[in-house]
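Thank you all for making time this morning. I would like to walk through one structure with you, beginning with the overall picture and then following a single helix.

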Amino acid sequence: MSAPEPATVFDPWKLGDTELANRVVMAPMTRNRADDDGVLPDYAATYYAQRAGAGLIVTEGTQPSAAGKGYPGTPGVHSDEQERAWARVADAVHAAGGRIFCQLMHTGRIGHPSLIPADAHVVAPSAVAANVEVETADGTMVPAPVPQELDAAGIARIVEDFATAAARAVRAGLDGVELHAANGYLLHQFLSPGTNRRTDRWGGTPENRARFVAEVTTAVADAIGADRVGIRISPGGQFNDMADKGNDDTYVALVEAIAPLRPAYLHSLRRRSSPLHEQLRRLWPTTYVLNTGFMGASEIDDVTPLVADGHADLVSVGRLFISNPDLVTRWRHGLPRAEWDESTFFTAGDRGYTDYPAHPGQSPDQRSSS
């Protein structure tokens, strides 16, 4: 009896109750096209629909509350107008045959008071400023402020904000949400001993450092169903002045706390030469997603072994999707990839956003199968 063929990134996958056409995920990428009220422009629907050939799209980081905003031009999902904009995106992606989760991102200490309501504060688990510059509402770069340490009432309010935003996202027609617990933002800040110096029930031990993220995950799962909830982590991540080292046990505690909920997926930034990913893979009961890295390799020969060798069920890729909206089709048919224009990553307007074409060598059938 012959051995079964190894899985490929082009195979379909069932994510909870959501059918994915392939195992390639478009990773979340900040694009800064929203207006001052956090509302996406109409052409954002075109941008995401063009990339519906990904098995799953995860949107740019989206603030669950006005107080969670850390950058100019990022969208929210906490107002009716924002929800209507996301509904246009969801409709366009679904019409193109795609699936899309909204990444919910509270930036915590990576922010500035000029970006949030006057009665709000830049917050974090502890009053430890990031050794980075942050952008103000007028685009000026300044040292990050010392954040206000969250009290129990503030933590409860943010947990509720995440659940309410998730409900709005699903009501808008999006297929689910991803909780951003990576890259130095608020949820990640609770996981890391460098930014979480608390000694109460939200700090001091691996289980306590994981508690806030587990509470957010539980509340969101209660609001929209666990099979619509993903969570992204970056163990060992240093971005945004994180000292995320020596705390692998916190990630094990987090997975052990939320695994009984059976969320849709765990999405981890790949840390090479680390046994933690293998351990989390064994502990995680549903779909496991690996990201190839901020500037890491992300061509087909790099991502294929991650699925074929069983390291992950899905792989997520970022920047190649910016300049190659039809990336999966290009990979499938061996077509060359287009280069991106980095100068347009975080600028306003549709240049460098919706103006990357599908490969001209595709037939109509190939275009529709992307």
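Before the core itself, a definition: a nonpolar core is a set of buried Ala, Val, Leu, Ile, Met, Phe, Trp, Tyr and Cys residues joined through side-chain atoms within 4.5 Å, where buried means under 20% relative accessible area, exposed over 50% and partly exposed in between, with a 1.4 Å probe and protein chains only. What you see is a predicted model, in which local features need pLDDT of at least 70 and side-chain atom pairs count only at pLDDT 80 or more, while totals for chains, interfaces and linings use all residues. Residues are numbered from 1 along each chain as its sequence is written, and side-chain values use heavy atoms, with hydrogens and water left out.

The largest nonpolar core has 84 residues, and those with the most contacts inside it are Leu179 and Phe212. Helix α5 gives the most to this core, with nine residues. Apart from it lies another core, of 10 residues, including Leu15, Val58, Phe101 and Leu314.

Turning to the fold, the protein has 11 helices and 14 strands; these are DSSP runs numbered from the N terminus, helices being H or I with at least four residues and strands E with at least two. Eight of the strands close into a barrel, in the order β3-β4-β5-β10-β11-β12-β13-β14, with parallel pairing, and two strands count as paired if DSSP finds at least two bridges between them. For instance, β12 (residues 265-269) and β13 (residues 287-291) pair in the parallel sense over five bridges, and the bridge partner of Ser268 in β13 is Leu290.

Now to the helix I promised, α3, which packs on the sheet and touches β5 and β10, contact meaning heavy atoms within 4.5 Å.

Just after α3, Gly173 takes a positive phi of about 105°.

Conventions
Axes are lines fitted to C-alpha atoms, for helices over the stretch in contact, and angles run from 0 to 180 degrees between N-to-C directions.
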